Amino acid sequence: MSNSSHSKPTRQMEYEKKQHKEEMKQQVITFVLMILFTFVAFGMVIMEVNSYFVIPTLIILALVQVVFQLYYFMHMKNKGHNMPAMMMYGGAAVAGLTIITFSSIIWW
Amino acid sequence: MSTTAAQKGGLGAAIWDYLTTVDHKKIAHLYLVAGGLFFLIGGLEAMLIRIQLMKPDNNFLAAGLYNEMITMHGTTMIFLAAMPLIFALMNAVVPLQIGARDVAFPFLNSLGFWLFLFGGLMLNVSWFTGGAPDAGWTNYAPLSTTSPGHGVDYYVMGLQISGAGTLIGGINFLVTIVNMRAPGMTYMRMPLFTWSTFVTSTLILFAFPALTVGLFLMMFDRMFGAAFFDVAKGGNVIIWEHLFWIFGHPEVYILILPLFGAFSDIFSTFSKKRLFGYSAMVFATVLIGFLGFMVWAHHMFTVGMGPIANSIFAVATMAIAVPTGIKIFNWLFTMWGGQIRMTSAMLWSVAFIPSFTIGGMTGVMLAAAAADFQYHDTYFVVGHFHYVIVGGVVFGIFAALHYWWPKMFGKVLNEKLGKLAFWPFFIGFHLTFFIQHFLGLMGMPRRYWVFLEGQGLEAGNMISTIGAFLMAIGSVIFLINVVYTAVKEKKVSGDPWDGRTLEWTMPSPPPHYNFVQTPLVRGLDPLWVEKTEGKEGMTPAEPLGDIHMPNASILPFTMSLGLFIAGFGFIYQTDDKTWLVAAVVGMAITLGSMLIRSLKDDLGHHIHKEELEEDIKKGVGK
Amino acid sequence: MRGWMGKFRTLALFGALTLILSGCGVDNLSALKPKGYGAELLLDLMMISIAIMIFVFVIVMAIYAFVLIRYRQKKGQEHVIPKQTEGNKALEVIWTVIPIILLLVLAVPTVQATFDLADQSSQEDESAMTIEVTGNQYWWHFNYPKEEIAISQEMYIPTGERVYLNLKSSDVIHSFWLPSIAGKMDTNPGENMNTMYLEAYEEGVYWGHCAELCGPSHSLMDFRVVAVSPDKFEQWKEDMQNVDPEATPETTQAQEGQELFNNNCMSCHAIGGSSAGVGPNLTNFGNREKLAGIMEPSKENLVDWIVNPDEFKPGNNMPANIVGEEEASKIADYLLQLKHSDVGNDIPTKNTDK
Amino acid sequence: MSHEDVLNPKHMPHDPEKATLEGKNKFLAFWFFLGGETVLFASLFGTYIALNGSTAGENTPEHLFGLELVFLMTMMLLTSSLTSVYAMYHMKNHDFRKMQTWLAITVLLGLAFLGCEIYEFLHYVHEYEFTFGSSAFASAFYTLVGFHGGHVLFGLSWIVALMIRNQKRGLNLYNAPKFYVASLYWHFIDVVWVFIFTVVYLMGKVG
Ligand code: HEA
Ligand code: HEA
Ligand code: CUA
Ligand SMILES: [Cu+2]
């Protein structure tokens with residue numbers, strides 16, 4: 001296995017550090033958004049907003065948070081994640097199918 | 001090194017070698033032996049079933065025992081015979097086909113095997129401890145939750161443990177195929193067997209968790225007082241059916257797809273032609289896997305889901321006939337224009353086509369939701385699935401074993417005996433199961449301990465039983481062949497069939513590090529490509545150098561053993577809480593082993609260049 | 001819908017197929033000899049699918065046979081290397097498209113039949129009859145709520161009418177299968193009630209099975225459906241509504257039996273009335289086709305049953321040895337003279353379809 | 001790559017978790033495993049949703065759940081997700097000490113979460129006599145939330161074991177993938193929790 005990093009110039013290191021920092025900034029923003037969403041979600045329930053509106057909104061908020069987690073915190077947005085993405089989508093598809101059937105057509 | 005140690009140390013060392021091995025080729029042997037034994041047990045159970053049904057009102061087996069027999073027959077055959085035999089083939093072949101030195105996680109590979117074995121043993125221990133599970137292999141609640149004794153508990157624990165092993169095995173093969181391919185082995189150059197292993201592993205990954213959850217719920221209900229399937233407390237018994245079939249339907253494709261792959265390789269080799277419509281074959285495999293997840297409710301047409309759900313699932317199910325048909329026709333056209341050699345492997349494969357087609361077609365008939373109101377839970381269904389499973393999976397395993405036997409053991413199975421085993425099995429198979437379709441339509445439900453006189457079912461059942469005996473004869477001849485070959489036959493070269501893929505580029509059996517030098521793959525059927533250019537073997541992709549190999553370990557064995565012990569603890573704590581000690585001790589062994597594994601660095605070892613040069617002189621790597 | 005299916009059936013292939021298949025099985029039990037609407041509809045659907053399958057199979061086998069004969073390696077050809085064809089677009093399209101078309105041909109009637117059999121539009125009609133079917137380990141109970149009739153093991157329905165069934169189970173899952181009249185439907189425990197309908201064309205005693213594994217005696221959970229003309233059915237209804245459970249039997253044996261029965265068995269069984277018990281309702285027992293669904297209703301069998309039911313149906317829920325042989329004999333006399341309605345006794349198949 | 005290189009790399013590469021073949025394999029395998037876990041939890045969620053109303057006359061979700069504690073727990077778990085991102089950030093910058101510190105914070109938050117959950121369960125049992133076998137709904141609730149709790153416990157033990165084991169020797173190419181994968185696991189636990197608080201608690205309250 002080749003290891004190009006053995007002779008990596010420090011300039012490269014600096015550059016990478018900066019990149020990491022940039023990414024970290026994104027992560028913090030993501031985090032803040034997630035906290036915000038959570039507040040919104042809890043707020044809606046506590047204030048007893050109409051449930052026809054609340055439930056879909058809650059689900060959408062949850063889905064967005066999950067996308068944040070996967071793409072930012074778990075780096076699925078980065079390259080080299082094709083297979084992971086494929087598998088997660090596969091899993092999510094089966095998962096979605098399961099939940100949809102359990103909660104709709106198939107139940108009496 | 002483990003192999004050399006074994007050669008020196010005699011039987012004890014050989015056993016220790018197999019207990020600790022992480023070599024995929026040896027794990028293949030383990031799977032083969034264990035799966036083979038379970039096949040015999042399952043077959044024996046089938047024979048007892050058939051003897052009981054030989055004549056009306058028979059009392060050969062008692063009613064309760066009969067239910068245990070069918071449950072264990074189904075469970076053993078599917079989980080403990082077919083699956084491990086498939087894993088044996090995948091382990092023996094896949095790393096070789098993609099030019100890898102081993103699987104991605106040799107340690108996990110061994111863990112997967114031992115989990116399966118201990119799970120299987122657990123299940124079969126139930127015979128001796130007061131009764132096997134008796135609610136059918138589908139284990140529908142509440143029959144299962146209210147089944148007295150501990151039989152169903154064994155089902156739950158046994159499948160949970162062996163299921164974990166299967167899941168691990170699946171992930172292992174996925175990573176192996178994604179990450180460990182030799183240079184030049186692109187996805188669209190992978191042999192079909194490797195492709196189907198890939199798709200199968202994906203199915204395992206997504207299907208088994210549903211079973212895991214189902215088994216947990218069942219375990220909680222039976223052992224810890226939960227109320228999932230207790231209608232008095234608001235439970236719903238249909239949840240089990242859904243979870244079981246969300247797993248169960250993909251499971252049947254888990255069984256058949258690897259053998260579709262094997263057939264593809266075999267047809268191509270013995271017709272001396274490249275596979276017809278390779279990319280369509282790959283596409284069809286993926287599509288079957290994909291569609292396999294959307295059809296599970298076709299096992300539940302009579303549950304009362306309503307016409308909308310029934311129609312959706314009916315049409316989705318029928319759709320699977322299309323990619324499967326693509327495969328059938330591609331195989332036919334692989335042979336078209338070829339030079340067909342009727343070896344035993346080819347004979348089983350050729351016999352597979354009409355047999356499986358019949359089974360698939362009755363499958364499509366079953367998929368017609370309304371008509372399934374007649375077929376469901378009758379011998380028509382039994383006929384259908386034995387046609388696909390025996391005519392597809394079992395024929396496939398026989399074909400693949402004949403094909404890869406030389407690679408695994410260095411000797412070609414005796415061809416005469418091979419054909420002698422084939423004919424009684426083939427004829428017996430059709431005798432046994434064809435008539436069952438009619439029995440079903442004439443009013444014989446499945447899982448019937450006795451059928452009564454005067455329903456016109458006597459002749460059919462008799463014929464069916466006779467057929468089963470012929471199958472037994474065929475199986476026994478195959479066993480004789482194995483022994484005969486081991487004793488009498490001569491070693492063969494690495495490429496006895498004029499093969500096309502990478503596994504035939506190395507000696508039989510291969511050295512434990514597989515490839516001396518990783519080969520460079522230059523096209524589909526890499527060996528054939530080299531052969532047509534008049535070359536002897538593959539061009540290496542790397543200079544001769546040290547090879548990194550994993551270390552052997554006993555930990556997979558102890559981890560599985562721990563779960564095995566804990567399983568008994570969980571089962572019997574419902575009678576007597578002191579059994580919890582067993583649960584604790586067992587879990588301690590397992591978790592302790594896991595801890596050791598994570599604390600102790602295991603970086604493997606290297607085989608040095610000098611040793612390799614030594615081996616090459618002895619003729620390895622040609 | 002029946003129109004075009006009718007046309008289908010005129011096809012020679014169909015005629016031949018139906019002929020061959022209907023040679024199979026016993027009347028009033030075989031799904032291949034339909035005697036009612038559902039079963040007929042389903043047989044038509046089966047025929048369509050079998051025809052398609054035979055068509056496909058013939059093609060596959062033709063290619064197969066040709067290939068295997070023509071392209072076997074012959075002596076001296078060991079070194080011939082055939083052309084390495086990659087594939088053929090046109091062919092591949094053909095064998096993708098044709099199956100799709102065939103499947104569509106099958107899918108349409110499938111969906112139609114599925115909806116047809118789930119049709120409950122007339123269940124709420126004034127004239128429609130609904131029977132509550134309860135599966136129990138290992139016997140069937142039939143309750144006619146509007147008519148206030150309860151009966152076990154043998155269901156009576158009028159011919160030529162749609163009779164709806166509401167199915168449920170009192171314990172594990174069973175499945176109500178009446179092959180020659182309709183398909184099957186599971187009976188689930190809990191609130192999951194299922195519905196299906198029966199429509200028998202002609203009078204007869206139809207044989208039904210439990211089709212879902214439900215315990216050791218799953219294979220012994222048979223039942224009968226007696227279809228009689230609407231007039232006779234009215235008669236039957238009247239008879240059943242006027243059952244006097246207390247009626248004194250003629251012989252002294254039977255009278256003693258009645259006494260014994262009332263003392264020992266009434267906690268689980270009932271005669272007359274409209275409720276289900278722990279055990280089968282024994283109204284009209286003397287006219288039953290079978291005892292416990294499976295046995296000849298001879299006195300000998302009945303006595304043996306009462307003393308030790310487990311011998312006949314392993315694992316069933318009736319306790320053994322409640323009474324001795326002698327008492328059982330008296331009870332048997334009592335039970336066998338319980339003939340509350342002889343409607344249906346003139347049906348030729350009754351008691352002859354052993 | 002020799003053992004020496006793996007255990008004592010002269011220079012850490014950009015992505016230490018994927019620098020070796022073993023690392024790449026682990027990384028991929030773990031993602032696959034998470035794909036399977038998705039189905040596992042989906043089955044549990046499906047079961048829960050199906051049995052949501054099946055309380056057999058016992059405690060209903062509206063009646064049981066209080067949102068304050070759940071909100072607190074959510075905050076803790078979300079924050080722990082961020083702290084583990086920080087840990088990985090420092091891993092990529094090859095700063096082992098800081099990584100350990102952030103992991104330690106993650107563990108503390110996780111422990112606090114687990115404590116709350118145990119308190120919550122005990123509360124239901126004692127105050128409402130809402131036990132595992134009370135109703136199908138109760139079984140489904142405890143199973144779903146308990147499975148998640150079990151994952152938290154396992155994740156914590158795993159991270160702690162890694163921290164202790166590597167305390168002395170610092171980051172290398174052998175353990176970097178392990179740390180990385182453990183953090184992925186931790187995020188996944190958070191993902192599941194997002195659904196639990198939405199589906200179980202919030203939607204349970206809305207009814
Ligand atoms: C290896 C295992 C395997 C395979 C491959 C299949 C394949 C198929 N199965 Fe089968 N099945 C089982 C194993 C398998 N099955 C088992 C074990 C059960 C019973 C479980 C239990 O209850 O215990 C079962 C039960 C079962 C049922 C439920 C029956 C019931 O319980 O009432 C149904 C219903 O739809 C069904 C359908 C199908 C279909 C449509 C296919 C299709 O994939 C088949 C596709 C293949 C072809 C169609 C042939 C080739 C195609 C062509 C030549 C092209 C042209 C064809 C046409 C246009 C028709 N199967
Ligand atoms: C991989 C799957 C698989 C395989 C290979 C088989 C193979 C066979 N099966 Fe089975 N079968 C199932 C899976 C399988 N089956 C399942 C899932 C069920 C449903 C269970 C349920 O309802 O829950 C079922 C149910 C089933 C039934 C229906 C039972 C019922 O509903 O009441 C019947 C009846 O004929 C049957 C028969 C057979 C026969 C004769 C074989 C033959 O092909 C077997 C051939 C093999 C042998 C004959 C072994 C030969 C060797 C010996 C005899 C020597 C023994 C020696 C030693 C042990 C040393 N099977
Ligand atoms: Cu009731 Cu089988
Ligand atoms: Cu299926």
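**Figure 1. The iron atom of ligand 1 and its copper neighbour in the predicted model.** In this predicted model, 4.4 Å separate the iron atom of ligand 1 from the copper ion (ligand 4). Look next for B:H384, whose NE2 atom is the only protein donor of that iron atom, at 2.2 Å.

**Figure 2. Where chain B meets chain C.** This view brings together 91 residues of chain B and 89 residues of chain C. About 7,400 Å² is buried between chain B and chain C, and carbon and sulfur atoms account for 71% of that area.

Figure 3. How many salt bridges cross the interface of chain B and chain C? There is one. The partners are C:E212 and B:R447, with 3.9 Å between their closest N and O atoms. Polar contacts join 28 residue pairs between chain B and chain C, counting pairs with both residues at pLDDT 80 or more. On the chain B side that touches chain C, the residues sort into 55 nonpolar, 24 polar and twelve charged.

**Figure 4. Where chain D meets chain A.** Here 57 residues of chain D touch 53 residues of chain A. The two chains, D and A, bury about 4,800 Å² between them, with 79% of it on carbon and sulfur atoms. Across this interface of chain D and chain A there are zero salt bridges, and three residue pairs are in polar contact (both at pLDDT 80 or more). Three elements of chain D each give two or more residues to the side that touches chain A: helix 2 (21-51), helix 4 (67-92) and helix 7 (176-206). Which of the helices of chain D gives the most to this side? Helix 2 does, with 16 residues. By class, the chain D side that touches chain A holds 35 nonpolar, 16 polar and six charged residues.

Figure 5. Over all chains, the salt bridges number 28. This close-up shows one within chain B, where the side chains of B:R101 and B:E542 come to 3.0 Å, N to O. B:R101 sits in the loop between helix 3 (63-97) and helix 4 (106-125) of chain B, and B:E542 in the loop between helix 17 (526-532) and strand 1 (547-549), so the pair ties together parts that are 441 residues apart in sequence. Are these two side chains buried or exposed? B:R101 counts as buried, at 17% relative accessibility, while B:E542 is partly exposed, at 28%.

Figure 6. Begin with B:D601, which pairs with D:R169, their closest N and O atoms being 2.3 Å apart. B:D601 belongs to the loop between helix 19 (580-599) and strand 2 (605-607) of chain B, and D:R169 to the loop between helix 6 (136-166) and helix 7 of chain D, so this pair joins two chains. Both partners are partly exposed: B:D601 has a relative accessible area of 22%, and D:R169 has 28%. B:D602 forms a salt bridge with B:R597, with 3.0 Å between the closest N and O atoms. B:D602 is partly exposed at 21% relative accessibility, as is B:R597 at 28%.

**Figure 7. A salt-bridge network in chain B.** Four residues take part here: B:R522, B:E530, B:E533 and B:K535 are linked by salt bridges into a network.

**Figure 8. Backbone geometry to look out for.** Most peptide bonds are trans, and most residues other than glycine have a negative phi. The bond between B:A141 and B:P142 is cis, with omega about -5°, and B:P142 is found in the loop between helix 4 and helix 5 (143-146) of chain B. Another cis peptide bond runs from C:Q137 to C:Y138, with omega near -5°; C:Y138 lies in the loop between strand 1 (129-136) and strand 2 (139-144) of chain C.

Figure 9. C:N28 is not a glycine, yet its phi is positive, near 65°. The loop between helix 2 (12-22) and helix 3 (37-70) of chain C holds C:N28, which is buried with a relative accessible area of 4%. D:H94, also not a glycine, has a positive phi of about 65°. D:H94 falls in the loop between helix 4 and helix 5 (96-128) of chain D, and is partly exposed at 23% relative accessible area.

Definitions and conventions. Residues are numbered from 1 along each chain as its sequence is written. Chains are lettered from A and ligands numbered from 1 in the order in which they are written. This is a predicted model: local features need pLDDT of at least 70, side-chain atom pairs count only at pLDDT 80 or more; totals for chains, interfaces and linings use all residues. Side-chain values use heavy atoms; hydrogens and water are left out. Contact means heavy atoms within 4.5 Å. Buried area is the accessible area (1.4 Å probe) that two parts lose on being put together, summed over both. A polar contact is a pair of N or O atoms within 3.5 Å; within protein, one must be able to donate a hydrogen and the other to accept it, and residues adjacent in sequence count only if both atoms are side-chain atoms. Ala, Val, Leu, Ile, Met, Phe, Trp, Tyr, Cys and Pro count as nonpolar, Asp, Glu, Lys and Arg as charged, and the others, Gly among them, as polar. Helices (H or I, at least four residues) and strands (E, at least two) are DSSP runs, numbered from the N terminus. Donors are N, O and S atoms within 2.8 Å of the metal (3.2 Å for Na, K and Ca); water is not among the atoms, so sites may look incomplete. Buried means under 20% relative accessible area, exposed over 50%, partly exposed in between (1.4 Å probe, protein chains only).
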